[in-house]
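Look at the model below before reading on.

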Amino acid sequence: MTFSHTPDPSPARQAAGDRRRWLALAIVMTAAFMDLVDVTIVNIAIPSIQQDEGATFSQIQWITAGYALAFAAGLITGGRLGDIHGRKRVFLIGIGGFTVASALCGLAVNPEMLVASRILQGAMAALMVPQVLSIVHATFPAHERGKVFGLFGAIVGLGAVSGPLLGALLTEWNLFGLEWRPIFLINLPVGVAGLVLGSRFITESKAPRALRLDLVGVALVTLGLLMLVYPLTRGRELGWPLWGHLSMGGAVVVLALLVAYERRKSARDGSPLVELSLFKVKSFAAGIAVQTVFGVALGIFFLVWTLYMQVGLGWSPLRSGLTGVPFSLAVSVAAGVSVQKLVPRFGRKVLQAGALVMAAGVLLYIGESERYGLGITSWQMALPLVVMGVGMGLIVAPLTDAVLSQVPREHAGAASGLINTVQQMGNALGLGLVSVVFFGTMSDHLAPARIGPAYADAFENALGWVAAVMAVIFLLMFALPKRPAQHVEGAADEDPARVGERKEPTLV
């Protein structure tokens with residue numbers, strides 16, 4: 001009797017396979033970086049876009065809110081499409097579509113085209129981003145994932161710091177007389193390279209048991225949010241018409257229909273868009289509320305902050321971008337210390353301290369703005385921005401783990417996707433509320449001499465709302481576990497990216 005023996009792969013073949021997966025990692029990480037930078041890069045150029053294109057207040061809100069809304073609505077479905085049809089295939093479609101949408105943004109001839117292109121860009125990001133961690137999960141063994149996710153965290157931090165600066169430089173340089181357009185066009189060579197190299201080096205993978213798509217759920221979520229956000233952004237310009245109030249009231253009805261439909265779908269085939277049973281877990285329900293409200297606060301702050309510096313104070317994009325560096329660095333440093341040192345020792349108190357510290361930084365910023373008026377300098381803003389950044393860093397890094405710590409293993413993936421989805425939805429809602437808490441405090445037609453004071457007053461009013469939101473977050477955090485433990489046994493083995501997990505702070 002003879003026995004056949006398959007020899008182990010040669011060292012050369014092993015090395016080639018090793019190179020291949022690290023190249024695949026570099027490609028998907030670059031795509032994640034491109035998406036994150038695109039989110040943060042746009043804010044700094046908003047005033048230039050408004051001036052160049054003659055965009056209305058509601059249109060500049062939709063340049064950012066449209067992206068967030070499309071991204072939120074498509075995240076879970078994007079993850080499931082990768083499970084069903086192959087993560088590599090859906091990733092390549094996503095990065096290709098994101099590149100095309102970036103070109104359309106850069107070539108936009110009017111505000112309407114730019115808003116539509118941004119919505120398309122958000123939808124393509126919803127296909128691309130969920131595949132990143134899924135591909136990592138399928139490509140690397142468990143013992144290497146810690147190192148890989150550490151690299152992912154570094155990429156997130158780099159994107160948070162470099163996005164505003166890159167946006168400022170590209171806008172300030174006015175390359176080839178294109179003004180703000182290079183902030184989108186820079187994605188073209190990166191996207192094309194990712195498409196070509198990804199098709200060669202990424203290995204295809206699918207989920208062994210993929211859930212079905214819930215397109216009706218996606219439609220109901222999108223419709224409900226549109227019925228809420230659209231009247232908020234347009235209402236002030238149109239004099240708050242009756243249809244706007246009816247639309248916002250109707251949004252509640254649509255979301256109630258969503259809940260009823262999801263219950264029915266869960267009972268029928270076990271693949272709802274939203275796993276409602278998760279909300280029976282008190283810590284998860286509270287965490288979802290925290291993520292949503294936190295998204296609202298960030299959506300308000302980052303847009304009004306940019307408008308305040310560039311329109312109200314008349315600063316250049318570069319000066320505004322550099323002013324934000326202390327904030328980004330404080331977030332990155334505090335996030336690392338929070339996860340590694342503080343949360344293991346003090347638990348939930350760290351997140352609650354973060355909410356109070358961030359609120360204190362916001363109040364300090366209001367005080368500095370009132371004290372120095374239009375003569376305020378970047379150095380005078382540094383202290384409140386560092387305090388705010390420390391507070392935000394204490395929250396963003398450990399929050400997802402705190403929310404997931406009591407979620408059963410079989411629902412870990414669905415819970416992760418839902419956390420990131422509601423944060424984006426909160427972000428879109430916050431951007432819609434800018435018309436109320438910021439633009440709502442000033443006249444439509446300001447004399448040149450009144451622009452600065454009006455924007456400073458509106459900024460202080462908006463920050464007052466942000467501080468109030470942080471107080472609400474502090475109270476909601478009492479429902480989180482006192483000392484977040486590891487997830488329910490086995491949850492860590494769940495594919496975290498199956499439904500679009502995205503743990504980085506979304507600085508919109």
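**A walk through the model**

Asn174 lies in the loop between helix H5 (142-173) and helix H6 (182-185). This is a predicted model, and Asn174 has a positive phi of about 50° in it although it is not a glycine. Most residues other than glycine have a negative phi. With a relative accessibility of 33%, Asn174 counts as partly exposed, because that class lies between under 20% for buried and over 50% for exposed. Phe176 is found in the loop between H5 and H6 as well. Phe176 too is not a glycine and has a positive phi, of about 55°. Its relative accessible area is 79%, so Phe176 is exposed.

Now take the chain as a whole. How many helices and strands does the protein chain have? The secondary structure comes to 16 helices and zero strands. Of the 508 residues, 57% count as buried. Among contacts between residues at least 6 apart in sequence, 85% join residues at least 24 apart.

The largest nonpolar core holds 106 residues, and Phe284, Tyr365, Phe438 and Met470 touch the most other members. Helix H10 (residues 282-312) gives the most to this core, with 16 residues. A second, separate core has 32 residues, among them Val90, Ala125, Leu133 and Ile135.

Two packed helices are described by the angle between their axes and the distance between the axes. For H10 and helix H14 (residues 378-404), the axes come within 11 Å and cross at roughly 155°. An angle over 145 degrees counts as roughly antiparallel, so H10 is roughly antiparallel to H14. The crossing in which H10 passes H14 is left-handed. On the H10 side the contact includes Phe284, Phe301, Trp305 and Tyr308, while the H14 side includes Met381, Leu385 and Met388. Sorted by type, the residues of the contact of H10 with H14 are 17 nonpolar, four polar and no charged.

Not counting residues up to four places away in sequence, Ser247 touches Met227 and Pro231.

Conventions
Residues are numbered from 1 along each chain as its sequence is written. This is a predicted model: local features need pLDDT of at least 70, side-chain atom pairs count only at pLDDT 80 or more; totals for chains, interfaces and linings use all residues. Side-chain values use heavy atoms; hydrogens and water are left out. A nonpolar core is a set of buried Ala, Val, Leu, Ile, Met, Phe, Trp, Tyr and Cys residues joined through side-chain atoms within 4.5 Å. Buried means under 20% relative accessible area, exposed over 50%, partly exposed in between (1.4 Å probe, protein chains only). Helices (H or I, at least four residues) and strands (E, at least two) are DSSP runs, numbered from the N terminus. Axes are lines fitted to C-alpha atoms, for helices over the stretch in contact, and angles run from 0 to 180 degrees between N-to-C directions. Angles under 35 degrees count as roughly parallel, over 145 as roughly antiparallel, 65 to 115 as roughly perpendicular and the rest as oblique. A crossing is left-handed if the near helix is turned anticlockwise from the far one by less than a right angle, and right-handed if clockwise. Contact means heavy atoms within 4.5 Å. Ala, Val, Leu, Ile, Met, Phe, Trp, Tyr, Cys and Pro count as nonpolar, Asp, Glu, Lys and Arg as charged, and the others, Gly among them, as polar.
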